[in-house]
Amino acid sequence: MTNKPQQKQHIVVPRKKSRQVTQTNQSWGGRFREPTDEFVKIFSASIFFDKILAPYDIQGSIAHATMLQEVGVLTKYEKDQITKGLDKILNKIKSGEFKWSITLEDVHMNIEAHLIKMIGNAGKKLHTGRSRNDQIATDIRLYLRDQVDNIIRKIKRLQLVLTNLAEREMNTIMPGFTHLQAAQPISFGHHMMAYFEMLARDVERLFDCRKRINSMPLGSAALAGTTYPIKRTRTAELLGFERICLNSLDGVSDRDFAIEFLSIASIIMMHLSRFSEELILWSSTQFNFIELHDNFCTGSSIMPQKKNPDVPELVRGKTGRVYGNLTSLLTIMKSQPLAYNKDNQEDKEPLFDTVDTLKACLRVFADMIPTIQIKCDNMYNSTKQGYTTATDLADYLVNKGLPFRDAHAVVGKSVSYGIKHKKDLSELSLKELQIFDSRIENDVFKVLSLKGSLNARNHLGATSPKQVKQTIKIARESLK
């Protein structure tokens, strides 16, 4: 079930009443003599944020009711009443007509109370054999399973965009960096495919995480299971779960799957943040390698010449937000005894926020990347300035019989000479190069050209355009 954006929902907050008039929540208030404090109602309620789970809560309730009817706990008539009633409630929620009440605390009790009001006693039987503890654990897994599938689709869209840009720019030469110093010539397409590989690992991690998300806690009840003759395998089948949580204590209290997802989301955001940092650098006046489209930039309120890379900067900033959500959930869970505790109510907002943040960042990146203008000449000229073919000269001397360490020393001296005379290695004459080693001949200039350096690295995973093309082909096959 896809969690589509809902219209703004109205939440009824009770006005302050005298302690004699105010009542407790009817779903659990029988044991209490005094009503809940009005502020505590607001403080304790989760309906402000967990109403997003309503479609999944209803999905789980329909499956639960179907199973209860099949094992004889509900009659077919009662099951049909419940199912039709829940369908009507879902339609009301989607249309924005449903009124959420803070007195009913959460998404479960709001839906159940409305169902009872609609169909009477049959609605009161829906909660047979389950607890809000296993109900919320199931809802979150159903929600996150959908969101993981959605996120994987968004990553694959971004990967496709990257392959298109890489193919377009596979012959564009740019400096590859180590320590942010120009190191060796590489293909811009090769650089883009590095991010494809990062995202491919992210997809693998999400698929692996999905296996652990797709385990059903429903039937664990409050913590010990239930005395009713439920058939958990049937409920799991109806909800599309691949396996069942085999320990009821763990079933209601486990949030490992959410922590694992937040960890993966943090890694994805780290990848997007690294990409953002490079886009920010490359679009600066100092680098001037690319220009971001106006649609993804803003200006300055005081400096009219500015074009600020706001989208990459925001993605870089939102990475810290996702890291914080991971730390938050780890901290929430670190000291909890078994089984369910109210602390677990705090698991949802970090999770929901991370899902929304990650989807937004993936979308804006996939929209932005195809619009980038590549400044090929600037990249080429920058590559020429950093003595980036020095390693090629060393390899040339090794092929002439010089041990690599000796070749390294020779090239180091020739670079020092070039710096002193303000010449690139390719600009030195043959006579100048032979000062450092007599084995250097005319064929060296083919090695010292940027294009020659690029094409020489012609093996799987390397930067030559021929290999980049092959990598793109493999990548596109994987996307299928």
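Tutor: Buried means under 20% relative accessible area, exposed over 50%, and partly exposed in between (1.4 Å probe, protein chains only). This is a predicted model: local features need pLDDT of at least 70, side-chain atom pairs count only at pLDDT 80 or more, and totals for chains, interfaces and linings use all residues. Residues are numbered from 1 along each chain as its sequence is written, and side-chain values use heavy atoms, with hydrogens and water left out.

Student: Is Asp294 buried or exposed?
Tutor: Asp294 is exposed, at 53% relative accessible area. Asp294 forms a salt bridge with Lys307, with the closest N and O atoms 2.7 Å apart. A salt bridge is a side-chain nitrogen of Lys or Arg within 4 Å of a carboxyl oxygen of Asp or Glu.

Student: Where do Lys307 and Asp294 sit?
Tutor: Both lie in the loop between β7 (290-291) and α12 (310-333), 13 residues apart. Helices (H or I, at least four residues) and strands (E, at least two) are DSSP runs, numbered from the N terminus.

Student: How many salt bridges are there?
Tutor: The count comes to 31. One of them joins Arg234 and Glu70, at 2.8 Å between the closest N and O atoms. Arg234 is in α9 (232-239) and Glu70 in α3 (54-70), so this pair ties together parts 164 residues apart in sequence.

Student: New topic. How many disulfides?
Tutor: Zero in the whole structure. A disulfide needs two cysteine sulfur atoms within 2.5 Å.
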